[in-house]
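Subject: Structure handover

Hello,

Here is the structure I said I would pass on. My notes on it follow below.

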Amino acid sequence: MMSRNSMYTNPKPCKHLADYKLRHGLSGYNLLQEQIRTTPSGKSSVKNHQTEIPRCCFCNGYQKRLYLCLICSSISCSSHTLLHSQCENGHDIAVDIERSELYCVLCCDQVYDPDFDKIVMLKHLMDLPRSGNGVDVSAGRRSSKRRRLCSALELDLKKTKQLVSMRDLRAKSCYPLGLRGLNNLGSTCFMNSVLQALLHAPPFRNYFLTGQRNHEVCRKRSSDRLCLLCDIYVFFSAVFSGDRTPYSPAQLLYSWWQHSANLASYEQQDAHEFFISVLDGIHENGVKARNTGECHCVAHRVFSGQLRSDVTCMSCGYTSTTYDPFMDISLNLDTGNCPSTDLANKSLKPSDNTYVSTLLGCLDLFTKPEKLGSDQKFFCENCQERQDSVKQMSIKRLPLVLCLHIKRFEHFPVRRMSRKIDRYMQFPFCLDMNPYLSSSVVRNRFGNRMFAFEGDELDTSTEFEIFAVVTHSGTLDSGHYVTYLHLKDQWYKCDDAWITAVEEEVVRASQCYMLFYAQKMLYYKANEDLVCQPVSPRADPFLPIAGCC
Amino acid sequence: MSAKRSSINRPPTPDVDRDRENQEPTLQEIINIKMIESGEKERLKELLRERLIECGWRDEMKSLCRAYTRKKGRNNVTVDDLVHVITPKGRASVPDPVKAELLQRIRSFLASTAT
């Protein structure tokens with residue numbers, strides 16, 4: 001019924017736990033199960049007497065950690081567990097009463113057993129209100145998983161013969177394919193920056209370069225109408241042609257204006273808004289959306305994932321779960337500030353000004369349980385009234401390419417004012433999204449458990465590699481977007497028509513606005529495709545490519 | 001003649017060797033029992049947990065544990081070690097407002113159950 005998460009390696013049991021299991025199997029655990037009590041907040045404790053206070057049988061103490069022997073049920077405090085084990089031979093394994101966690105007396109350490117955790121969590125699930133307990137106990141839907149994998153491979157497999165043949169003799173063979181400056185057509189750096197990232201999103205790039213977009217037979221073009229997908233195809237062909245002179249994506253701009261009429265102007269636009277709008281345009285222009293199931297347009301196949309939102313009633317523990325698709329994730333900057341509790345008197349950190357925001361911190365913030373305000377009381381199905389509740393987000397399914405958007409523009413509709421947050425944010429080049437998956441987040445609700453029970457994504461990896469960073473400099477009204485591309489272990493700065501190779505320190509120090517990560521396997525495969533000869537040692541690392549052939 | 005009269009009202013001498021269980025519970029124990037029975041202790045624990053998470057105390061303890069584990073080596077550290085190492089630091093770094101709030105709650109509980 002429940003599958004184990006292979007990503008989470010279970011620690012090997014100590015000798016004593018192994019001995020205990022051999023001799024007693026699961027009988028001790030099963031007996032214990034009835035005595036476990038759970039709270040709505042996810043804590044499981046062992047309570048064998050409802051009214052009596054558990055006390056150590058040696059010293060009568062009740063204030064330390066108390067451990068219940070799995071064999072004879074006698075309770076000892078942390079100072080006397082060893083004494084108990086010495087008195088009774090073989091009574092080595094105990095349970096922390098308050099936390100329902102296994103403890104080996106002889107190793108003096110916590111030990112883990114998935115079978116034990118399974119039993120604890122089963123009890124927990126049984127105690128929760130019946131419907132919608134927030135935990136999906138159905139077997140993983142393998143068929144849809146397989147379909148998605150195949151889809152991913154399909155975007156990837158159709159291979160590089162075409163790429164190689166497109167290489168123009170004029171191409172500077174020391175630089176990777178697909179590096180070409182884009183002319184600014186009038187405050188269009190917002191578009192250029194996003195296009196550079198899209199050009200190198202592995203599955204997206206492959207789709208357009210391997211002829212899956214057959215623009216010859218496009219119905220729209222034949223009837224002289226605009227087709228965004230065709231224009232993107234033409235754009236890709238031009239950039240990967242090997243011609244290094246800066247390209248003007250005028251047709252694409254015009255095509256996009258037709259789609260997003262409200263954004264059609266020469267004013268500065270938001271790059272993130274453009275990104276969403278282009279994906280939306282691709283979706284609408286492309287394959288007819290199906291009524292059921294997932295959309296198979298290239299935008300969705302590459303960028304779409306699924307978010308899970310759990311709202312838990314704080315009174316009874318009933319959890320309502322909803323799933324929503326996403327094309328990107330917008331993150332608030334983590335500032336290390338505590339919402340309540342004035343720490344001015346006893347500050348834990350020396351000075352709040354030295355706190356550095358990190359991407360992982362933002363992701364932690366995103367998946368942190370959030371108490372909903374008293375004005376947002378959630379109607380609990382179980383209690384049949386509005387209750388205080390806690391909301392928690394997690395990622396149910398990761399996309400092939402993950403776009404993370406940092407919310408740097410704050411809007412205050414009441415004051416009719418907007419401002420930009422310039423705070424620096426540190427970001428990694430390799431990102432493991434495992435802690436933010438629903439399987440990890442939901443598992444953590446039940447305390448310190450090794451056992452996972454969601455239909456885990458055993459096939460898809462959670463490791464991502466960065467390939468593009470869109471940065472913003474300046475103010476909200478007058479700023480400039482620049483994209484850094486990570487190709488074949490070298491970083492390139494794409495500033496409209498100017499492309500230069502840069503050191504990774506420059507990228508790390510930049511003010512990121514949108515981060516593009518690709519699943520590790522796809523990223524490495526894509527880099528193999530970019531036929532490239534090593535740069536000669538004499539070459540100036542800052543030699544611009546733009547304008548020279 | 002001063003006849004020694006045995007006082008029939010005199011209470012029996014307490015047996016020093018008697019088990020601890022038969023001794024009168026201390027005030028602390030009485031309060032603790034009352035708090036557990038009424039469920040107040042559990043509520044206070046939840047409240048404390050929430051406050052300590054909110055103000056970053058738990059994250060601070062986590063990073064102390066991580067630092068200690070890194071120094072000693074992952075396989076040379078037990079939970080007991082960690083508890084011993086961080087307990088004094090943890091106790092000392094609980095923010096005053098949190099302490100004040102908890103004390104206030106306990107005070108009002110005592111006031112409400114005063115007999």
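**Interface of chain A and chain B**

Five salt bridges are found across the interface of chain A and chain B, a salt bridge being a side-chain nitrogen of Lys or Arg within 4 Å of a carboxyl oxygen of Asp or Glu. One pair in a salt bridge is B:Arg49 with A:Glu98, whose closest N and O atoms are 3.8 Å apart. On the side of chain A that touches chain B there are 12 nonpolar, six polar and eight charged residues (Ala, Val, Leu, Ile, Met, Phe, Trp, Tyr, Cys and Pro count as nonpolar, Asp, Glu, Lys and Arg as charged, the others, Gly among them, as polar).

This is a predicted model, in which local features need pLDDT of at least 70 and side-chain atom pairs count only at pLDDT 80 or more, while totals for chains, interfaces and linings use all residues. Residues are numbered from 1 along each chain as its sequence is written, chains are lettered from A and ligands numbered from 1 in the order written, and side-chain values use heavy atoms, without hydrogens and water.

The contact (heavy atoms within 4.5 Å) takes 26 residues from chain A and 30 residues from chain B.

**Within chain A**

A:Tyr247 lies 7.7 Å from A:Ala497, C-alpha to C-alpha, although the two are 250 residues apart in sequence. Beyond its neighbours within four places in sequence, A:Tyr247 is in contact with residues including A:Arg180, A:Leu182 and A:Phe235.

Regards
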